[in-house]
Amino acid sequence: MIKGLYVITDSDRDGNLAARVEAALQGGARVIQYRDKELPAERRIEAARQLAGLCRKVGATFIVNDDANLAAACEADGVHLGQGDGTVAEARKILGHQRIIGVSTRTVEQALKAETQGADYIGVGSIYPTGTKQDTELVGIDTLKKVRRAVKIPIVAIGGIDRERADEAITAGADAVAVISAVMADPFPSLAAREIALQFNRHLPYP
Ligand code: 3NM
């Protein structure tokens with residue numbers, strides 16, 4: 001399920017990545033994405049398995065960035081693909097139809113294409129300026145609103161989202177907000193996660 005606070009990992013700069021992820025989950029993160037641009041590929045499996053176990057314990061969804069084979073090997077719930085990371089069909093061949101495939105998009109056209117190709121959710125970003133990913137473009141909140149009107153599958157807003165901005169992205173139609181620095185670089189990741197996760201409650205319909 002892709003809904004609520006979606007936390008993406010930063011590098012394991014201090015050997016405490018698993019502890020930060022555990023804290024984010026305690027704070028209310030519902031999805032964790034393992035994204036590692038530094039560790040050599042053969043060492044990622046161990047880290048991915050550990051994080052998958054933490055998510056399983058609390059019923060959170062675990063997604064692996066870029067690599068469908070790694071997602072399969074660590075029994076992740078799914079994979080997230082960038083625009084250059086291969087097609088949904090290729091990832092489906094590896095992961096089958098039960099697992100989740102997400103695709104990064106920046107325009108309504110890319111969003112519609114991903115939906116047509118069978119993506120389970122799309123990322124839309126960067127919604128706000130971010131220093132975390134250099135090669136992203138700012139698409140802004142208006143694009144998010146347009147994409148919301150165009151597609152039915154869940155939308156994950158990403159890029160520069162923090163506790164001050166989460167509500168605007170949720171109001172614009174994001175089902176989930178993905179953050180790296182707002183949680184992973186906070187000295188109190190659990191509290192940071194809680195403050196963002198709670199913002200989804202304001203949008204729950206009355207029973
Ligand atoms: N993808 P932060 S922006 C991983 O626009 C990533 O597709 C983006 O980090 C995109 O929450 C981004 O620290 C970085 O801004 C998000």
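Reader: Which residues carry the feature "binding site" in the UniProt record that lists Ser104 and Lys133?

Author: In this predicted model, the unreviewed UniProt entry places that feature at Gln33, Tyr34, Arg35, Asp36, Lys37, Asn65, Ser104 and Lys133.

Reader: What makes Asp36 count as buried?

Author: A residue is called buried if 20 or more other C-beta atoms lie within 10 Å of its own, and Asp36 has 21 such atoms, so it is buried. Leaving aside neighbours within four places in sequence, Asp36 is in contact with Thr9, Ser11, Arg44 and Ala47.

Reader: Is Ser104 buried or exposed, and how do you know?

Author: Ser104 has 22 other C-beta atoms within 10 Å, and therefore it is buried.

Reader: What makes Asp66 and Asp85 a cluster in space?

Author: Asp66 and Asp85 also bear the feature "binding site" in the unreviewed UniProt entry. Although they are spread over 20 residues of sequence, the largest C-alpha distance is 6.0 Å, and on that value they are said to cluster. Asp66 touches Asp85 as well as Leu81 and Gly82, when residues up to four places away in sequence are not counted. As for their places in the chain, Asp66 is in the loop between strand 3 (61–65) and helix 3 (68–73), while Asp85 lies in the loop between strand 4 and helix 4 (88–95).

Reader: Which residues are closest to the ligand, and how many surround it?

Author: The ligand is surrounded by 17 residues, and the closest are Gly125, Thr130, Thr132, Ile180 and Ser181. Strand 6 (121–125) and helix 8 (181–184) each supply at least two residues of this shell. By class, the shell has six nonpolar, ten polar and one charged residues.

Reader: Where is the peptide bond with omega near 5°, and what is it called?

Author: The bond from Gly125 to Ser126 has that value and is cis. Ser126 is found in the loop between strand 6 and helix 6, and the place of Thr136 is in the loop between strand 6 and helix 6 (140–150) as well. Thr136 touches Gly125, Ser126, Thr130 and Gly159, not counting residues up to four places away in sequence. With 17 C-beta neighbours inside 10 Å, Thr136 counts as partly exposed.

Reader: How do you know that the buried residues of helix 6 line one face?

Author: The buried residues in helix 6 are Thr143, Leu144 and Val147. Seen down the helix axis, the buried residues fall within an arc of 105°, so they line one face of helix 6. In general, an α-helix has 3.6 residues a turn, so residues three or four places apart point the same way. On the other side of helix 6, Asp142 and Arg149 are exposed. The cover over the buried residues includes helix 5 (108–116), strand 6, strand 7 (155–158) and helix 7 (166–171).

Reader: What makes the radius of gyration of the chain agree with a compact globule?

Author: For 207 residues, a compact globule would have a radius of gyration near 17 Å, and the chain has 16 Å, so the value agrees. Along its principal axes the C-alpha trace spans about 40 × 40 × 40 Å. The chain has nine helices and eight strands, and 48% of its 207 residues count as buried.

Note on methods
Residues numbered from 1 in each chain as written. Predicted model: local features only at pLDDT ≥ 70, side-chain atom pairs only at ≥ 80, totals over all residues. Helix = DSSP H or I, 4+ residues; strand = E, 2+ residues; numbered from the N terminus. Rg over C-alpha atoms; globule rule 2.2 N^0.38 Å. Buried ≥ 20, exposed ≤ 12 C-beta atoms within 10 Å, placed from the backbone. Near = placed C-beta within 6 Å. Nonpolar A, V, L, I, M, F, W, Y, C, P; charged D, E, K, R; others polar. Contact = placed C-beta atoms within 7 Å. UniProt positions renumbered as here; feature names shortened; annotations may be inferred. Arc of directions from axis to C-beta.
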